[in-house]
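Good morning, everyone. Please have a look at the structure on the screen before I start.

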Amino acid sequence: MKLFDTHAHLDDSSFDADCEAVIEKIRLSGVSYVMEIGSDVKSSETAVKIANAHDFIYCAAGIHPESADTAVQKDFDRIRELALNEPKVKAIGEIGIDYHYDDCAPREKQIACLEAQLDIARELDLPVIIHDRESKGDTLRVLKEKNVTNGVMHCFSGSAETAEILVKMGFMISFTGVITFKNARRAIEAIKVIPLERLMIETDSPYMTPEPHRGKRNDSSYVRYVAEKMAEIKGISLEELCEITYNNGKRFFNI
Ligand code: NI
């Protein structure tokens, strides 16, 4: 089966004790590719190291909105340098806006951090991985102002209407194990309106663990539960869904 986990955080501290063992477990589970996602400069540097050590792992470099408060020009320069010089960096991400937590960076700071990195992606002709939490209005406005078309909205939690707007903008839309939860009605409605060639699957591990493992640490081997649920929603076979989302991921990340 062709499985592509397009969003994982193997650099997360919850993998510190057994990262190599987890990567071996993922490989043995039959996952074909993993996209390892940076969330600040240090984590992006670790992401490159992990990708360089494993054929089937690629990575993205970027500064997450939670780290936007302390981001300065030399940090953006470092992200650009990694993206320019490291062949396994296939995207800028994850970047975006997050209004969920009050202790996140101030709104203007988050927006400036996103804009700076959208400019790097444009200059280097790389796709972007967008994080949007309770910030739909500002996120869509900035993406439209910057005329971004080569992006994925990751861990999508919006409505079918928002999904349709993103599809019109040219975006890919990616879903996590959240779609396996009992209260996932909204995500299911969104998946129904998204064309198959715009869908991707991800774990966002170690977070967002799908059923039946909810509550435990997530890893890329569980991406198959996301695939199973998405195949059921789309009314196609698991093999077909895996093949399509695998090809979508390869095309989007230029692998
Ligand atoms: Ni993430």
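This is a predicted model: local features need pLDDT of at least 70, side-chain atom pairs count only at pLDDT 80 or more; totals for chains, interfaces and linings use all residues.

Let's start with empty space. Rolling a probe the size of a water molecule over the atoms shows where such space is left. How much space lies in the largest pocket? About 1200 Å³. The lining of that pocket is made up of 41 residues. Which of them are closest to its centre? They are His131, Arg133, Cys155, Asp204 and Met208. Remember Cys155, please.

Now the elements. Helix H2, residues 41–53, gives two or more residues to this lining. So do strand E5, at 128–133, and helix H7, at 185–193. By class, the lining of the largest pocket has 15 polar residues, 14 charged ones and 12 nonpolar ones.

Next, the second largest pocket. Its volume is about 160 Å³. Which element gives the largest share of its lining? That is helix H4, residues 107–124, with 3 residues. The lining includes Leu118, Ala121 and Arg122. Asn147, Val148, Thr149 and Asn150 are also among the lining residues. By class, we count 5 nonpolar, 3 polar and 2 charged residues here.

On to the backbone. Most residues other than glycine have a negative phi, and most peptide bonds are trans. Let me show you some exceptions.

Where do we find cis peptide bonds? One runs from glycine 93 to glutamate 94, with omega near 0 degrees. Glutamate 94 belongs to strand E4, residues 89–98. Another cis bond leads from serine 205 to proline 206. Omega is near 10 degrees there. Proline 206 sits in the loop between strand E8, at 199–201, and helix H8, at 223–234.

Then there is positive phi. Glutamate 134 has a phi near 55 degrees, and this residue is not a glycine. Look for glutamate 134 in the loop between E5 and helix H5, at 136–145. Is glutamate 134 buried or exposed? Its relative accessibility is 56%, so it counts as exposed; the cut-off is over 50%.

Back to cysteine 155, one of the residues closest to the centre of the largest pocket. Cysteine 155 is not a glycine either, yet its phi is positive, about 45 degrees. The loop between strand E6, at 151–153, and helix H6, at 160–169, holds cysteine 155. Is cysteine 155 buried or exposed? Buried, because its relative accessible area is 17%, and buried means under 20%.

Technical notes. Residues are numbered from 1 along each chain as its sequence is written. Side-chain values use heavy atoms; hydrogens and water are left out. On a 1 Å grid over the protein atoms alone, a cavity is a set of points where a 1.4 Å probe fits but cannot get out, and a pocket is an open set with protein on both sides within 12 Å along at least five of seven lines; lining residues have an atom within 4 Å of a point. Grid points are joined across faces, edges and corners, and a volume is the space filled by probe spheres set on the points. Helices (H or I, at least four residues) and strands (E, at least two) are DSSP runs, numbered from the N terminus. Ala, Val, Leu, Ile, Met, Phe, Trp, Tyr, Cys and Pro count as nonpolar, Asp, Glu, Lys and Arg as charged, and the others, Gly among them, as polar. Buried means under 20% relative accessible area, exposed over 50%, partly exposed in between (1.4 Å probe, protein chains only).
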